[in-house]
Amino acid sequence: MEKTVKISAYSAPTKNDSAQDKPVKDRATALELEHKQAQIAEERNKALELLKNITLLRENLKQEQARSAELESTINKLAGLEENRFAKFNAQFEEEKKKSLEHMRTIEQLRASLQQEQAKTAELAMSSSELAAKAQEIAALETKIATLETKVKDLSGVISKISSIAEAAKAANGN
């Protein structure tokens, strides 16, 4: 709200008009002074308003800086938590990886042991079939032995009869 005031250019006072012009000059000067004081008051009011705005803006800036610092702090905390979670996850992953490798080694060892056991079982199966065949042979031999024993007993009986007959014949001849 600027107001412009038109003031006539300075003119040198004339000797005749100087007495009459003095009150007019004083009035014009007073009006000009009043106008200038009004402008100064207006500028002062504007300056005060601007100062209030600056103060409010400073307070707002401080509040925003505080919020920003708080937000940054929260973000840093969250980032720290995420880093911790990520580190824990990595540690767990590495641990699981190690366990997995150990399990794989154990599986390989068990496979090798299983193959050895299967080979032994195959050998035992062969041995057991051989043993079964030998057991059958032994059973057959035992049956033959049993038959022979029976024959030997029969022959022993026959021999004892023959020897008793021979003794009887000796006794009959010798008398």
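Which side chains meet in a salt bridge with an N to O distance of 3.6 Å? The side chains of Glu 95 and Lys 99 do so, a salt bridge being a side-chain nitrogen of Lys or Arg within 4 Å of a carboxyl oxygen of Asp or Glu. The structure is a predicted model, in which local features need pLDDT of at least 70 and side-chain atom pairs count only at pLDDT 80 or more, whereas totals for chains, interfaces and linings use all residues. Residues are numbered from 1 along each chain as its sequence is written, and side-chain values use heavy atoms, with hydrogens and water left out.

The protein contains one helix and zero strands, where helices (H or I, at least four residues) and strands (E, at least two) are DSSP runs numbered from the N terminus. Helix α1 comprises residues 18–174. Of the 175 residues of the protein, 0% count as buried, a term that stands for under 20% relative accessible area, with exposed meaning over 50% and partly exposed lying in between (1.4 Å probe, protein chains only). The accessible surface comes to about 16500 Å², and 59% of this surface belongs to carbon and sulfur atoms; such areas come from the Shrake-Rupley method with a 1.4 Å probe, and for residues only the protein chains shown count as cover.

On this surface, Phe 86, Phe 89 and Phe 93 make a nonpolar patch of about 360 Å², and Phe 89 lies in helix α1. Patches are made of residues with over 30% relative accessible area and no salt bridge, like charges being joined within 9 Å and nonpolar side chains (Val, Leu, Ile, Met, Phe, Trp, Tyr) within 5 Å.

The count of salt bridges comes to seven. Another salt bridge joins the side chains of Arg 85 and Glu 82 (2.7 Å, N to O). Arg 85 and Glu 82 are separated by about one helical turn, because they stand three residues apart in helix α1. Arg 85 is exposed, with a relative accessible area of 57%, whereas Glu 82 is partly exposed at 44%.

A further salt bridge links Lys 120 with Glu 117, whose closest N and O atoms are 4.0 Å apart. Lys 120 counts as partly exposed at 46% relative accessibility, and Glu 117 likewise counts as partly exposed at 43%.
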